[in-house]
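Here are a few notes to read alongside the model. Have a look at it first, then work through the points.

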Amino acid sequence: MALREIIILPDKRLRLVSEPVKTVDAEVRALVEDMFETMYEAPGIGLAAIQVAVPRRIVTMDLAKKDDPKDPKVYINPEILWSSEETGTYEEGCLSIPEFYEEVERPARVKVKYIDLEGQAQEVEASGLLATCLQHEIDHLNGVLFIDHISKLKRDRVKKRFAKTAKRTTE
Ligand code: NI
């Protein structure tokens with residue numbers, strides 16, 4: 001296992017559309033292990049492979065509460081089959097946009113199909129935090145960030161702030 005570097009806004013790779021995984025092989029399993037290590041270290045509750053600069057459709061997640069046992073989940077090639085008309089609002093954050101949080105409104109419930117680490121097709125009906133996280137991470141696989149769902153004014157402000165920081169660190 002190895003820690004990977006998490007790429008940060010305005011890194012253009014965050015806008016790539018990730019490629020589907022064809023077979024869940026040793027390479028994919030090794031990447032998933034690295035993603036968990038990187039996600040737990042950050043710490044974060046969800047990570048898409050593109051956030052460690054790998055444009056593959058792989059998501060790791062752990063929504064266990066702080067004092068509960070770990071609950072690692074892997075979603076390979078996740079796809080939203082259905083989303084509810086009813087919406088819900090959560091304050092979201094993203095390891096690629098550190099220390100910025102904003103409320104985002106999304107469908108409250110979704111049905112998602114995916115492949116598990118054994119290569120088996122699975123389906124999950126999600127609500128609450130899981131529904132939000134799945135949508136946030138699936139967005140990443142399509143080059144979409146949670147700031148794309150907030151007002152243009154707030155989005156421009158956060159983009160400007162991160163562009164400034166990036167400029168400072170490369171000078
Ligand atoms: Ni994110």
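1. Where is the place of A53? A53 sits in the loop between β1 and β2 (58–61); strands are DSSP runs of E with at least two residues, helices are runs of H or I with at least four, and both are numbered from the N terminus. A53 has a positive phi of about 70° although it is not a glycine. At 31% relative accessibility A53 is partly exposed, as that class falls between buried (under 20% relative accessible area) and exposed (over 50%), with a 1.4 Å probe and protein chains only.

2. A word on the source: this is a predicted model, where local features need pLDDT of at least 70, side-chain atom pairs count only at pLDDT 80 or more, and totals for chains, interfaces and linings use all residues. Residues are numbered from 1 along each chain as its sequence is written, and side-chain values use heavy atoms, with hydrogens and water left out.

3. N77 also has a positive phi, about 50°, and is not a glycine. N77 lies in strand β3 (residues 73–83).

4. Most residues other than glycine have a negative phi, and most peptide bonds are trans. Two bonds to check, then: L9 to P10 is cis, with omega near 5°, and A42 to P43 is cis, with omega near -10°. P10 is in the segment before α1, while P43 is in the loop between α1 and β1 (46–48).
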